[in-house]
Amino acid sequence: MTTQKVIIFDFDGTIADTVEALVVIANRLALEFGYPQITPEELALLRNLTSREIIKYSGISVFKIPFLVKKVKGELKRKIPDLKPISGIQESLLVLKEKDYRLGIITSNSEENVKEFLKVNDLESIFEFIYSGVTIFGKTTIINNVLRQKQIKSSEAIYVGDETRDVEASQKANIKVIAVTWGFNNEEVLSQQNPDFIVTHPSELLDVIQRCEIR
């Protein structure tokens, strides 16, 4: 490689299998924040909606969202010891590290939660940086901040995420993006956002990242 590529991962749903835990927490907080609980049928529906459509569907005030996110992170902290990585992601991360890629995380979860999860699952030495920022639609700003602080050119970065907002933010930040189907959003709605690639299993990541480099 002529330049050392930086692969930036989303955390929840991309590395950590947190969707079920987050639904349980969200349902417990539904009455307090004024949105309906999520049934299994509704979860299937929500997976096919963009982040903006989910906010509209829930009816929750956008002003309450930062407070909801803070509370969810606090409750998720207690579940960290029981959370597992996405099946196959550990092996793929190790391969990428061995191939000399620089790996980082950008997340709306807390840095403390992410570090504890990585420690529990023997992944703490894999990542060069973890950047936590509370935002719903401002992820582009966070990506740009990380690129600037770490002196990473946009042409050297690839983002890997499981939500439509990950794709949207990466495109606005002018970096390539790989959408993964094993997290929150399903393949249909992700494909509508026109990511550079879509992958259905972590074992595909290395090949797709190498193809990103020559595009």
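Which residues of strand E1 are buried on one side, and which on the other? I started the notebook with that.

I am working on a predicted model, where local features need pLDDT of at least 70, side-chain atom pairs count only at pLDDT 80 or more, and totals for chains, interfaces and linings use all residues. Numbering runs from 1 along each chain as its sequence is written, and side-chain values use heavy atoms, with hydrogens and water left out.

**Strand E1.** I looked up E1, residues 6-9. Strands here are DSSP runs of E, at least two residues, and helices are runs of H or I, at least four, numbered from the N terminus. Val 6 and Ile 8 are buried on one side, Ile 7 and Phe 9 on the other. Buried means under 20% relative accessible area, exposed over 50%, partly exposed in between (1.4 Å probe, protein chains only). In a regular strand the side chains alternate between the two faces of the sheet.

**Partners of E1.** I checked the pairing next; two strands pair if DSSP finds at least two bridges between them. E1 runs parallel to E2, joined by four bridges. E1 also pairs in the parallel sense with E4 (residues 157-161), over four bridges. Ile 7 is opposite Leu 103 in E2, and its bridge partner in E4 is Ile 158.

**Positive phi.** I then noted two non-glycine residues. Asp 100 has a phi of about 75°. I found Asp 100 in the loop between helix H5 (89-98) and strand E2 (102-107). Asp 100 is partly exposed, at 48% relative accessible area. Asn 174 has a phi of about 65°. Asn 174 lies in the loop between helix H8 (164-172) and strand E5 (176-180). Asn 174 is exposed, at 58% relative accessibility.
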